[in-house]
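Please look over the sequence and the structure below before reading on. The paragraphs that follow go through the parts one by one.

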Amino acid sequence: MSTAPFDSLREAAVDLRRPFDALAIKWKVQSTWPKDKTGVTKPEGGQVVCYIDRGLVIDRLNLLVPHLWSPVFEERERNHMLCRLTIDGITREDVGEGATLKARYSDSLKRAAVHFGVGVSLSRVPASRMKIEDGGLRVFGSEGKWGVDFTQQGLDYLRRRYETWLTERGKDAFGDPLSHGDDGDAQGDDETPDSLILDDQGAIDMLVVLSETGLTLRQQVALLAHTGVQILPTADAQEVAKAVSTLTQDQAEKLDELIAQRAGGSR
């Protein structure tokens, strides 16, 4: 297959949907078990899914249809962003979400690009269930705010599993992988999908900022809801403090942004 720039979407369509090399793929822990919203129970494992970062989507479009594509973004309510992606005069749109503006741009562009085949192969890769005891995942944090990430052993396992899927099923369905100069150690340009939970000092600092706003508890709960943290509208101060202690770095940045907006940019 040719990877030279194409002059029409029709010509580029097959290459747009080609799978990515294993070195380009990233993974995230989508959910953990056992389920415990209080955070008391330490995670024993998690379900893992693969993804690509925004830069890889842009690389694919620039490689194949550099003069034919353009995106238009539109902010939506509740941390959502609409992307209208046009290639060769044909427009497809989708909505992404995220705690920060950059995350929303990234998610919406990736979702819109899937309509043209970019990254569609990833939805066919089976999710992996990994146990902490097997050594592929590790737990960090403390009671009330546990986090889970990968060990090198886990990343090596996931890469091998993806390569097996490519050989056994992926190539037949989507063609040979199209490399973008992929490097397994590359950081990528997306924000970490599930960024680390605030440490103790970060949570304390965030509580101080929140307390200095002069907002009622109900108003504080409403701000937390806009970051994706759902607690009862009737929550007391202790419940608000506990919710703040479970904020991720991205959610804390979003909360700080909302507080600044409410204060008229005086912070």
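In which sense do strand β2 and β6 pair, and over how many bridges? Strand β2, made of residues 45-51, pairs with β6 in the antiparallel sense, and four bridges connect them. Keep in mind that the model is predicted.

These two strands belong to an open sheet of three strands, whose order is β1-β2-β6 and whose pairing is antiparallel. Strands β1 (26-33) and β6 (128-131) stand at the edges; each has a single partner strand, so one side of each is left without a neighbour in the sheet. From one strand to the next, the twist averages 35 degrees. A helix also belongs in this picture: α4, residues 152-174, lies across β1, β2 and β6. The direction of α4 is at about 155 degrees to β6.

Two places show a charged side chain together with a ring. The charged end of Lys28 sits over the ring of Tyr51, at 6.0 Å from the centre of that ring. Arg129 lies over the face of Trp33, and here the distance to the ring centre is 4.1 Å.

Now turn to another sheet. It is open and has three strands in the order β3-β4-β5, again with antiparallel pairing. Its edge strands are β3 (69-76) and β5 (90-97), each of which pairs on one side only. The twist here averages 20 degrees from one strand to the next. Strand β4 covers residues 80-87, and eight bridges join it to β3, the two running antiparallel. To place one of the partners, find Arg76: its bridge partner in β4 is His80. Helix α3, residues 101-114, lies across β3, β4 and β5, and it runs at about 40 degrees to β4.

The next topic is the aromatic rings. How many aromatic pairs does a search of the whole structure find? The search finds three. One of them is formed by Phe73 and Tyr105, an edge-to-face pair with 4.6 Å from centre to centre and 75 degrees between the planes. Why does this pair tie together parts that are 32 residues apart in sequence? The reason is that Phe73 lies in strand β3 and Tyr105 in helix α3. Are these residues buried, exposed or partly exposed? Phe73 has a relative accessible area of 30%, so it counts as partly exposed. Tyr105 is partly exposed as well, because its relative accessibility is 31%.

Trp165 and Phe174 form another aromatic pair, which is tilted: the centres are 6.4 Å apart and the planes make an angle of 40 degrees. Both Trp165 and Phe174 are buried. Tyr162 joins them, as ring pairs link Tyr162, Trp165 and Phe174 into a cluster.

The last stop is helix α6, which consists of residues 217-226. Which residues of α6 are buried? They are Gln220, Val221, Leu223, Leu224 and Ala225. After α6 comes Gly228, and the phi angle of Gly228 is positive, near 100 degrees.

Notes
Residues numbered from 1 in each chain as written. Predicted model: local features only at pLDDT ≥ 70, side-chain atom pairs only at ≥ 80, totals over all residues. Heavy atoms only, no water. Pairing = 2+ DSSP bridges. Axes fitted to C-alpha atoms, helices over the stretch in contact; angles between N-to-C directions. Contact = heavy atoms within 4.5 Å. Buried < 20%, exposed > 50% of the residue type's maximum accessible area, 1.4 Å probe, protein only. Phe/Tyr/Trp six-rings, centres within 6.5 Å; stacked < 30°, edge-to-face > 60°. Lys NZ or Arg CZ within 6 Å of the ring centre and 35° of its normal.
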